[in-house]
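Me: I'm new to this one and would like to learn how to read it feature by feature. Could you walk me through it?

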Amino acid sequence: MTTTGSDQNKAPGSTGGAVGMNVRDSIRQPLWLLAELTYACPLQCPYCSNPMDFASVKKELTTEEWINVFRQAREMGATQLGLSGGEPLTRPDLIELIREARNLGFYTNLITSGVGLNADKAKEFKEAGLDHIQVSFQASSEDLNNLIAGTDAFQHKIEMAKAVKAAGYPMVLCFVTHRQNIDKIDEILDLAINLDADYVELATTQYYGWAMHNRDQLLPMKEQLVRAEAIAHEYQQKQKGNMKIYYVVPDYYEDRPKACMNGWGNVFLTVTPDGTALPCHAARELPGMELPNVKELSVKEIWEGSNDFNRFRGFDWMKEPCRSCDEKEKDFGGCRCQAYMLTGDPAMADPVCTKSPDHHLILEAIEKGRQEAEKPADIAKPLVFRNPKNSKEICGL
């Protein structure tokens, strides 16, 4: 991928490496490595966080290259490894990667749609040292699940959730919520109970990548959220001691932004299928990113010395109102990618914050979503599904 590396986009005090000695001295080790093994996926979810131009990524890291990344990250102190995609099960070397990660001492988490999994593989992964499998669902009903996924996957997901439990893993289910399915929160949680789930994540859609492209069709309305939150809390009380339910209110309806990624370049390191290293999965969209690659630089050089990872560390880069805000050490100014997508400037306060001069952009987005929701079905904008054809058309590839 072409890099830009424009000096005008470097953080204040940048000298081609760290932002300043105070930031360099405070750099902590990465704790979480998210290995996006591939962008290949049998599903076509319209909220996918993969980049819109994923079809342009033609060459993935080899088995040896991925193992080298694992080794370097582990030497730096990373303890958690997420195996993600796309769909990581499309990698024929997945069991080898799992085995090597276990040998290195990682706690490993496979994040999967379940498509491509079977009971024998689940057992093999367990024997190879995989600690955790998270199976994602698109909805609680077969028709809606398959519509959103773009394929007939629901019944297979049900069977794979059971197979994961039978293989001795905790059953962890993830449902991505949005306007198309949030009115079914009670049915979603009933399904999780019927499957004897141990953990359920009601993962609010984050508006990056394909989700941002489909935001008007996906953003829930306030009244939907109020009802869903009440139901989620009711089930949390009923299932206390049996099943843990995680539910987070969407950013757009909060007064303060979340501490995105627990701070830029602070905990999470993402490596994409082609080896690009990122502070978060959406960061490649920001202007001025140099996009260091693990095939050219060591993980340590990237984490500690690259302009990309140092760009929004610390607080010196902040503009007002963040710079003088007494909450900046809690939320770090919010999400840099969200700030850029909404304002055009990644150094601005996240518009989710009511202190932001751009908060009106959030209110306008909510109103646009409402207007779209109220349109008759025959004139409402259709969802654009994540697939190579749409990727090429949207991005002009």
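Me: Let's start with a single residue. Is C45 buried or exposed?

Reply: A quick note before that: this is a predicted model, where local features need pLDDT of at least 70, side-chain atom pairs count only at pLDDT 80 or more, and totals for chains, interfaces and linings use all residues. Residues are numbered from 1 along each chain as its sequence is written, and side-chain values use heavy atoms, with hydrogens and water left out. As for the terms, buried means under 20% relative accessible area, exposed over 50%, and partly exposed in between, with a 1.4 Å probe and protein chains only. C45 has 9% relative accessibility, so C45 counts as buried.

Me: Where does C45 lie, and which residues does C45 touch?

Reply: To place a residue you need the helices and strands: these are DSSP runs, with helices being H or I of at least four residues and strands E of at least two, numbered from the N terminus. C45 sits in the loop between β1 (32-36) and α2 (63-75). For touching, contact means heavy atoms within 4.5 Å. Not counting residues up to four places away in sequence, C45 touches Q138, I148, A149 and R386.

Me: What does the UniProt annotation "binding site" cover?

Reply: With records like this, positions are given in the numbering used here, feature names are shortened, and annotations may be inferred rather than shown by experiment. The UniProt annotation, from an unreviewed entry, covers C41, C45 and C48. Of these residues, C41, C45 and C48 are included in the lining of the largest pocket. On a 1 Å grid over the protein atoms alone, a pocket is an open set of points with protein on both sides within 12 Å along at least five of seven lines, while a cavity is a set of points where a 1.4 Å probe fits but cannot get out; lining residues have an atom within 4 Å of a point.

Me: And C48: where does C48 lie, and is C48 buried or exposed?

Reply: C48 is in the loop between β1 and α2. Its relative accessible area is 15%, so C48 is buried. Leaving out residues up to four places away in sequence, C48 touches Y208, G209, W210, A211 and R386.

Me: Now for helix packing. At what angle do α5 and α6 pack?

Reply: Two packed helices are described by the angle between their axes and the distance between the axes. The axes are lines fitted to C-alpha atoms, for helices over the stretch in contact, and angles run from 0 to 180 degrees between N-to-C directions. Here, α5 (residues 142-149) and α6 (residues 154-166) pack at about 105 degrees, with their axes 9 Å apart. That makes α5 roughly perpendicular to α6. For the wording, angles under 35 degrees count as roughly parallel, over 145 as roughly antiparallel, 65 to 115 as roughly perpendicular and the rest as oblique. E142, N145 and N146 of α5 make the contact with F154, Q155 and K157 of α6.

Me: What about the backbone? Which residues does a cis peptide bond join?

Reply: G86 lies in the loop between β2 (80-84) and α3 (94-104). A cis peptide bond also joins E320 and P321, with omega about 10 degrees. P321 is in the loop between α12 (307-310) and α13 (328-331).

Me: Last one: which residues of α14 are buried?

Reply: R336, C337, Q338, A339 and L342 are buried in α14. The buried residues of α14 pack against α8 (209-213), α9 (215-218) and α15. Just after α14, G344 takes a positive phi of about 85 degrees.
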